[in-house]
Amino acid sequence: MASDDKYEHQKNILKLADEDGHFRRLPSVFRNAILPGGEHPPEKGRYHLFISHGCPWANRTVLVRQLKGLEDFIDVTVVSPVLTPKGWAFKRAALQEVDGTEADPLYDSEYLREFYFKVNPEYEGRFTVPLLWDKTSESIVNNESAEIIRMFNTAFNDQLPTEKAKLDLYPKHLQNDIDELNDWVYNTVNNGVYKTGFATTQEAYNANINPLFASLDRLEGILKGKNYLIGETLTEADVRLFTTMIRFDPVYHGQFKCNYGQIRHMYPEINRWMRNLYWNNPAFRNTVNFEHIKIGYYNLKNINPNGIVPAGPKPDIEPL
C-alpha cells in the first residue's frame, strides 16, 4: 500500500486550489456502468453504495435509490460525516461519535480509501463518495454521482414493480432541456458553492459568488408558479438542485460565505419548491440528515479551525 505521506493532499482540500486561489474540482476516476451482459450486470443484491449524509453528491444517489424503490437491490453504508486525514472513515476509525455512522459490513475497513487501494494499490486520486461497489467482482463500478443516478434510473427497471419502473427521471423528450440546465447549474450552483467556499484569494471568491447568486436569480424565475424545474414532472434536474439547496441555509450561507442572502429569505420560489419536495415526497425527507450535514461541513478545520457547529438556522427547513 502507498505511504501516507503520498496522500498528504488529502488532509486539506484547499490544497486543490490553484496558485490563483481558485478551487477546481478533479474529475471522478471510476466510470463503469451497470449494464445487461456487461462486466457489472443488473443483479439484485450485487452492489453496495457507500455515502456520507453530509455530501450533496452522495445524497443524490441515495435519494434516487429510494425514489426508484431499490432499497432491496442495493445496500447502503454511511461513513462518518467528519473527514479525517485519511479521508472518509467508518465507525471504528471515526474522529467523533455521530449517530448513524456505520461500520464497513464487507471487510471491516477503517477508511473508505481501503476500497480504492483494493482495486489499485497505487491509486493517487481522492477517496470520494459516493462509491458504488460490486461485491461479486470486488471492484469499483463508479464514483461519479451524475452517472450513478442515471444507472439507478433504468438499470433495474425490468425487476421493479410497475409503479417504480415507470418513474423516469431522465425522459427522452426532456433530455436536451435537462442537460442544458444541469450544465450551468453544476458549474455555478452545485460546484459554485464549493468554488466560493474553497477560494483562497479575495479575487477568486468574488469571481464565484456573483455567478452563484446570478444563477439562483435565474432559477427563481424558472420556478415561478411551478413545482418542477423541467416540464410538469420530477426529473433528475430537481434531484441535483435539491441536494445543494437543502444545504444552502444550514451550511453554505455561513461556512462557505455564500451570504448575499438565505434561500428562505431571498428566494421564495426556490424555497417553496424545496419545501414541497421535502415535505410531500418521503424519499427527499428520508435521505436528508441535517445533523450529519452540519457536523460534516463545520468540521472542515481549514475553514472553521475550532469546529464549532452553529445552532441555527432554526428550523433546518421551514414547514409548508
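How many helices and strands are there in the protein? I looked that up to start with, keeping in mind that this is a predicted model. I got 12 helices and 4 strands.

Next up, overall form. I found a radius of gyration of 19 Å, close to the 20 Å that the globule rule gives for 320 residues, so the protein is as compact as a globular protein of that length. Along the principal axes, I read off a C-alpha trace spanning about 50 × 50 × 35 Å.

Of the 320 residues, 56% count as buried. The protein exposes about 13800 Å², and carbon and sulfur atoms supply 48% of that.

I also looked at contacts between residues at least 6 apart in sequence: 70% of them join residues at least 24 apart.

I have 36 positive and 42 negative side chains in my notes, with the centres of the two sets 3 Å apart.

Now for the rings. I noted 31 aromatic pairs in the structure. I picked Phe242 and Phe284: their ring centres are 4.8 Å apart and their planes sit at 85°, so I wrote the pair down as edge-to-face, since planes over 60 degrees apart count that way. Phe242 belongs to helix H8 (residues 236-252) and Phe284 to helix H11 (residues 282-286), so the pair ties together parts that are 42 residues apart in sequence.

Terms used:
Residues numbered from 1 in each chain as written. Predicted model: local features only at pLDDT ≥ 70, side-chain atom pairs only at ≥ 80, totals over all residues. Heavy atoms only, no water. Helix = DSSP H or I, 4+ residues; strand = E, 2+ residues; numbered from the N terminus. Rg over C-alpha atoms; globule rule 2.2 N^0.38 Å. Buried < 20%, exposed > 50% of the residue type's maximum accessible area, 1.4 Å probe, protein only. Contact = heavy atoms within 4.5 Å. Areas by Shrake-Rupley, 256 points an atom, 1.4 Å probe, with all protein chains shown as cover. Lys, Arg positive; Asp, Glu negative; His and termini not counted. Charge placed at Lys NZ, Arg CZ, Asp CG, Glu CD. Phe/Tyr/Trp six-rings, centres within 6.5 Å; stacked < 30°, edge-to-face > 60°.
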